[in-house]
Each structure stands twice: as C-alpha cells, then as structure tokens.
Amino acid sequence: MAGLATSFGSGSMTNSIEEIADAKCILAIGTNTTEDHPVIALEIKKAVDKGAKLIVADPREIPLCRMAHIWLRHRPGTDVALLMGLCRVIFDEGLLDKAFVEQRCENFEEFKNALKGFNIELVSEITGVPAATIAEAARVYATNGPASILYAMGITQHSHGTDNVLAVANLAMLTGNVGKRASGVNPLRGQNNVQGACDMGALPNVFTGYQQVAGPSARSKFEAAWGCTLPSEPGLVLTDMFHAMDEGKVKAVYIIGENPVLSDPDARHIKEALSKLEFLVVQDIFLTETAQFAHVVLPGASFAEKNGTFTNTERRVQRVRRAIAPLGTARPDWQIVCEVARRMRSRGFEFATAEDVMKEIADVTPSYGGISFARLENGSLQWPCPTEDHPGLQFLHEGMFSRGKGKFAALEYKPPKERPDDTYPLVLTTGRSLFHYHTGTMTRKSKGLNELKGEEEVEINPQDAKALGIADGDKVRVISRRGKVIARAKVTNSLMKGVVFMTFHFAESATNLLTNPALDPVSKIPELKFCAVRVEKVIEKVPA
C-alpha cells in the first residue's frame, strides 16, 4: 500500500475485476493469477480471447505463461530493473503519453534523470531477459491501450518491495494508463478481506479509511467518537512486534485469525518470541500452530456462522450472511472482542448486531459513509461511497489523482539483501498452490485437497537436480542460514537454473523456517520471495 499511496494517494486497486476483460494489454507481474486468484484469471482469459496482448513477468513458468504473447523470465529480485527498463524504452522511443505526464503528474524530471541508469543492455544483464524482448514488451504495453497492470506478493514481498510498486506506478503514469476504464494498477490481495481489514484501520499508522493516527484532526475526531484519549504516534508493524516480544518490550499479545508460526519469515525466531510472552491470546476457528503457544484460545466463528461484510480486492463491500448457528462455544469475532472490552470496563462496545458495527463504520469513515446493510441488501458497493445516494466508484483517479498529481519516483536498482554463495548456492522463492490456502488452516483439513496435494514439494531445475544427484520424487533437505526442512523434489523446467520454489502450506515442511526476515524499509514487509539455500538429497534407510 505504501508505494501506491505515495504515487497516487491511495494504495488500493485502481480498477474493477470486470474491467480486466476489456483491457487491450495486460501486464501480469509477480502474480500467479490462475492458481492464486482463479476467478480473476478468468477475466484475463476473456481479454486474451478478445485479442488483448498479455505480458507475463515471472521467474517461474506459471500457467499464465502458456497464453502470454511475451514472457519476461527475469531473475528473482530484479523487478525494479525490469520495470524501469521498460520505462526507458518507452521514453527513448517517444511512446509516452506526454499530455498525461505534463497535466496530471509531477517529479517527472527527477524520474527522467533516474532512467539514465537503466539502459537496456544493463537491464538485460541484471534481469537475464534479452534486450530485444524487453524492448518488444515495452512497445506492446505502450501502444495497446487501455493497459492494465496486475501484481501480487511477488512484487511486494521483497526488501525493496515499495520500490517495486513505485516502478509499477511509474510505468502506468508514463503511458497514461490510470484513471480510465480497463487500465490502472491493480494489486491482487492475498486473502478475501485483507482490503477490508486495512480499510478498518488494521495498520499501525491509520484509523479507519486511512485517516492518519499522527494527524491531529483525525485523532480528535476519533477521540470524540470513542470518548477516550488516543496515542499520537503510530504503533509497531507485525515484524517489529516479534522483535519487541523477543526483547521483552511486549509482554502480552492478542492474535486474531493469523498463523505467524507458518506465515512469517524465520519461523524459529517467531516461536522463540512467542515463547517469551507472559500472556498470549489466540482467537481462531481451529487450533493452529500459533494457537498451540497460547495461554488462552478463544473460538471464533467461521464465515458461514456470522453476519457482517467482506471488502474484496476491488474495494467491493459485500454482505456475509449466517448460514448456520456457531458450533459449540464459538462466537463471531466482533462479539468476542466486545465482550473482552466490556470485561475490561471499556466504553463504546455495546453493539447488539453486526449492523450496529457497520453504522459506526459509516459514521467515522468518509469512504464508507454511504454504505449500510440496507443498501447492501440490493447488491454490493465499491468505496469510495461517501453518501447514501452515491453509487460507489468503479475506478479511481479519473481526472485527478487522490493526492492531486501523480508522483513519479526516481529509483535505482537494489539487489536482494541475501545473496547466494558457495555454501548456499541456490535462490529459494515461495508462493502458493491451487489446492491449498495460505497456512492450510482450513484446506489441510480437506481429504480431497490433501489427495490432490498432500505434502510439500521443492521444484528444482533438471540441471541443478542432476548436479546434486537428485531424481524426481526424492526426499531432499533444504537448508538456509536460518533453518532446514525436508520435502519431496519435483524436477521441472518451470524453474530457471539456480532457483528453487516451495509453498508455505505444510507445517510438516515449514518453508518459512528458511526465509529471510530482512524488511522493506518503508512497508516493513519481509523478503519472503528471495533467500539463499542449498539442497541435499536425503539418503533414506532401507528396512532390513
């Protein structure tokens, strides 16, 4: 969010899912859309069927590559070089939208000077993509509008993730592909209500609707609404919290619907930090790996057992309606939080229904001001929707960016924080499988899904496998500077030489024991997509 908020004034998906099918060109970078967002992938397929040009940028041969007109197979961690290289070609060949740049953007001269450091030969050397292919992709993107950019955590989960996003925004602004239908920059959120959680202030620096904690007017407004005094300094981000736990600065933690023991990098450190807490509460629908560290576990209700709303990746607020009563002693999360607050003698938690909560959201959140359960009975609404007669906005930044003028970023290429060497010669990058979801809290309990994919696999290039004496299906040990796990080898040409791939769904082979906790300095997102490892064949003992 930090990158798009800097460039555009809003960190949200600029356009809507249904518009993707009408794009004339789609650049998908850092997103395995068919496996991670299969419904959205259908819109990409529609666009291609209608004649759109598809450019896929990914180190791994993902299913989208099979329908792509151009596949930019760049080395992991070289996204800024690739994107700025595309911008350099567009600028040098006069393919930019000069009117859009002059009228709607700022900081262009600084950006133009930064492009001098990205001549196409150097970009090709850094990324491993042939210069002719980079140039062709730049021309296709610049001359087939409207063009849409889709990205996901393959862009953000780097120590330079914010720069990656700024580079994406640069490319879209340079060609005038923002503020109109079927264009834009569209981050695909990793979970169904991540957008909604962020909208509700589940970030350390904002209240609901991205109203700044450090802003006196916003703070005064919420103090009046809630009848309390609020801190003026932002809190800790998730990754910093674990360092604070480890150092004894944070002594009690309340975790809701999160499983950091499997999802966060350097999982050994996560476990150590949790073990040092004086009091840990975990609220979830199953006894997760993280909940096993808890002093108290509170049983939350699943989506089918509660009323409320989800806000999806395209800013669309949708009703969630209870299908069955909560099982056992489970309760909806909002009810549990309110009950805990009341027992702590806090005021303002006297909500009787989820609709009451929604009314307060609308009262204090301008972008949700016109959204109510009554309106949602007739269908979903996209924010911003400031008044009860507002239809909601399908796409953002028409005529003017949220921040006024779009801001170009002058960038330089920065390599990943950890590099391969003789001891750890391979690069591990991570992602998801079509058959499981995130840390597998729900999907690993499905017999059918486990039959489709029941254990972790390490995808490895045939040349690397041959050099290591590894055959397809062999049990292997993957070792990084932080830990080691055992999984099955999958020998495949989908990976370039020197790169291996794993998911993070399996507690038995907890991939994030390996990953690097190095952080992006702005967003504080860890570098989950790049760490150095070695792979060894495990010699299995044959029973006597």
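Trainee: Why is L86 called buried?

Mentor: The relative accessible area of L86 is 4%, and buried means under 20%, exposed over 50% and partly exposed in between, with a 1.4 Å probe and protein chains only. L86 is therefore buried. This is a predicted model, in which local features need pLDDT of at least 70 and side-chain atom pairs count only at pLDDT 80 or more, while totals for chains, interfaces and linings use all residues. Residues are numbered from 1 along each chain as its sequence is written, and side-chain values use heavy atoms, with hydrogens and water left out.

Trainee: Where is L86 placed, and which residues does L86 touch, not counting those up to four places away in sequence?

Mentor: L86 belongs to helix α4 (residues 79-92); helices are DSSP runs of H or I with at least four residues, strands are runs of E with at least two, and both are numbered from the N terminus. With contact meaning heavy atoms within 4.5 Å, L86 touches I134, A137, A138 and L171, residues up to four places away in sequence not being counted.

Trainee: What makes the pair of F100 and F401 edge-to-face?

Mentor: Rings of Phe, Tyr and Trp (its six-membered ring) pair if their centres lie within 6.5 Å; planes under 30 degrees apart count as stacked, over 60 as edge-to-face and the rest as tilted. By this rule there are 10 aromatic pairs. For F100 and F401 the centres are 6.1 Å apart and the planes stand at 80°, so the pair is edge-to-face. The pair links distant parts of the chain, with F100 in helix α5 (residues 98-104) and F401 in the loop between β12 (381-382) and β13 (406-407), 301 residues apart. Both F100 and F401 are buried.

Trainee: Are Y210 and W383 buried or partly exposed?

Mentor: Y210 has 24% relative accessibility and therefore counts as partly exposed. W383, at 7%, counts as buried.

Trainee: How do you know that R104 lies over the face of F401?

Mentor: A charge sits over a ring if NZ of Lys or CZ of Arg is within 6 Å of the ring centre and within 35 degrees of the ring normal. R104 lies over the face of F401 at 4.7 Å from the ring centre.
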